[in-house]
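Subject: Structure for your review

Dear colleague,

Please find below the structure that I am handing over to you, followed by a summary of what was found in it.

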Amino acid sequence: MRDTPRITLAHGGGGASMQRLIQEVLLPAYGDPSQDGREDQALLPADTLQAGERLAFTTDGFVVDPLFFPGGDIGALAVHGTVNDLACGGAEPLALSIGLILEEGLPLDTLQRVAVSIGQHARDAGVRIVTGDTKVVARGAADKMFITSAGVGRVPASLHLSSAAARPGDVLVVSGPLGNHGAAILCARNDLALQAGPRSDTRALHRATQALATACTGLRCMRDATRGGLGAILNEISAASSARIEIVETQLRVEDATRGVAELLGLDPLYLANEGVFAALVPAPEVEAALQALRSVPESAQAFVAGTVTAGTPGVVLRTALGGSRVVDLLSGEQLPRIC
């Protein structure tokens, strides 16, 4: 395998080169899920779901540029992004699939590094990679590497979450500081050599979401604030619930490094992407229990209250530090493309 230090079209051709790629690079990195896991499909045990539980399913694609950045890489994003989509639906993640689209000429060491990252982060999250696929496209037909993923999980019978469930009086809780991933990608992409610059917050959130769901019987909804940041998901919740959401600028948490990048480039941290932060709506009487549960988990130790759902015209409004207010609308475009 090492006599060809770069990916060739033969590695996607289904022959001996492809088999060596799978056997020598991918399976050792991911962890061989058993002989059954080498089929074109994965068989999940019949007892995967207990009485009343529901199956959650998600799919995602990752095209981040650059592949490696402070705090993470495309492999970490593929695992965490898929796990978090399940987790914010209330699911316990069970299994993932990983599909690789590789550009001819990609250094094999780059693939090895990403594959090891995928395997390590899946193991850290306690989730198995049970099936996958690899395709190679001609030089110039892709940009180094794209990843597609899918995941399945199980949702407890007692848990029913929906973005349409927001009610006046609910409190908005956010699991951590805003905008770190977007700021880190910006710095890496533009070679901004900042001392103590921002690092991506990419992390798996299922332990935090499970802690919150256990502590709050009235939990309304959870959403991970990825592309479009907190501003985007709050607008989506507002539209689904026909609710007015008011957030308070002085209560928002943004790390100094991220705030500095945002101010330097004229960006709003509310719209910067996160890969390890989610927002939840809980009934007011359960706020303290929610914060205590979240802060007991390392991934959400910096959880904070960001605002409330109020009566009034649907939309998202920011109460500024100066005592005024402004509408937080959906962006008409992307602040930064290829963020995940």
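Which residues of the largest nonpolar core touch the most other members? In this predicted model, they are Y30, L102, L111, M145 and I147, out of the 42 residues that make up that core. Several elements each supply at least two residues to this core: helix 1, helix 2 (74–87), strand 4 (92–103), helix 3, strand 5 (128–137), strand 6 (145–155) and helix 4 (180–189). Helix 3 gives the most, with seven residues. Another core, of 26 residues, lies apart from this one, and V174, I245, L281 and A306 are among its members.

Leaving aside residues up to four places away in sequence, L102 touches I7, L21, L111, T134, K135, V136, V137, K144 and M145.

The packing of two helices comes next. Two packed helices are described by the angle between their axes and the distance between the axes. For helix 1 (residues 16–30) and helix 3 (residues 108–125), the axes come within 7 Å and cross at roughly 35°. On the helix 1 side, the contact is made by L21, V25, L26, A29 and Y30. Helix 3 contributes L108, L111, Q112, A115, V116, I118, G119 and R123. By class, the residues of this contact are 10 nonpolar, two polar and one charged.

Rolling a probe the size of a water molecule over the atoms shows where empty space is left. The second largest pocket holds about 320 Å³ of space. Its lining comprises 18 residues, of which C88, S163, M222, R223 and D224 are the closest to the centre. Strand 8 (221–224) and helix 6 (229–241) each supply at least two residues of that lining, and strand 8 gives the most, with four residues. The lining is made up of seven nonpolar, five polar and six charged residues.

S158 lies in the loop between strand 6 and strand 7 (171–174). Is S158 buried or exposed? S158 counts as exposed because its relative accessibility is 67%, and the cut-off for that class is over 50%. The C-alpha atom of S158 is separated by 8.2 Å from that of G52, although the two residues are 106 residues apart along the chain.

Yours sincerely,

A colleague

Technical notes
Residues are numbered from 1 along each chain as its sequence is written. This is a predicted model: local features need pLDDT of at least 70, side-chain atom pairs count only at pLDDT 80 or more; totals for chains, interfaces and linings use all residues. Side-chain values use heavy atoms; hydrogens and water are left out. On a 1 Å grid over the protein atoms alone, a cavity is a set of points where a 1.4 Å probe fits but cannot get out, and a pocket is an open set with protein on both sides within 12 Å along at least five of seven lines; lining residues have an atom within 4 Å of a point. Grid points are joined across faces, edges and corners, and a volume is the space filled by probe spheres set on the points. Ala, Val, Leu, Ile, Met, Phe, Trp, Tyr, Cys and Pro count as nonpolar, Asp, Glu, Lys and Arg as charged, and the others, Gly among them, as polar. Axes are lines fitted to C-alpha atoms, for helices over the stretch in contact, and angles run from 0 to 180 degrees between N-to-C directions. Contact means heavy atoms within 4.5 Å. A nonpolar core is a set of buried Ala, Val, Leu, Ile, Met, Phe, Trp, Tyr and Cys residues joined through side-chain atoms within 4.5 Å. Buried means under 20% relative accessible area, exposed over 50%, partly exposed in between (1.4 Å probe, protein chains only).
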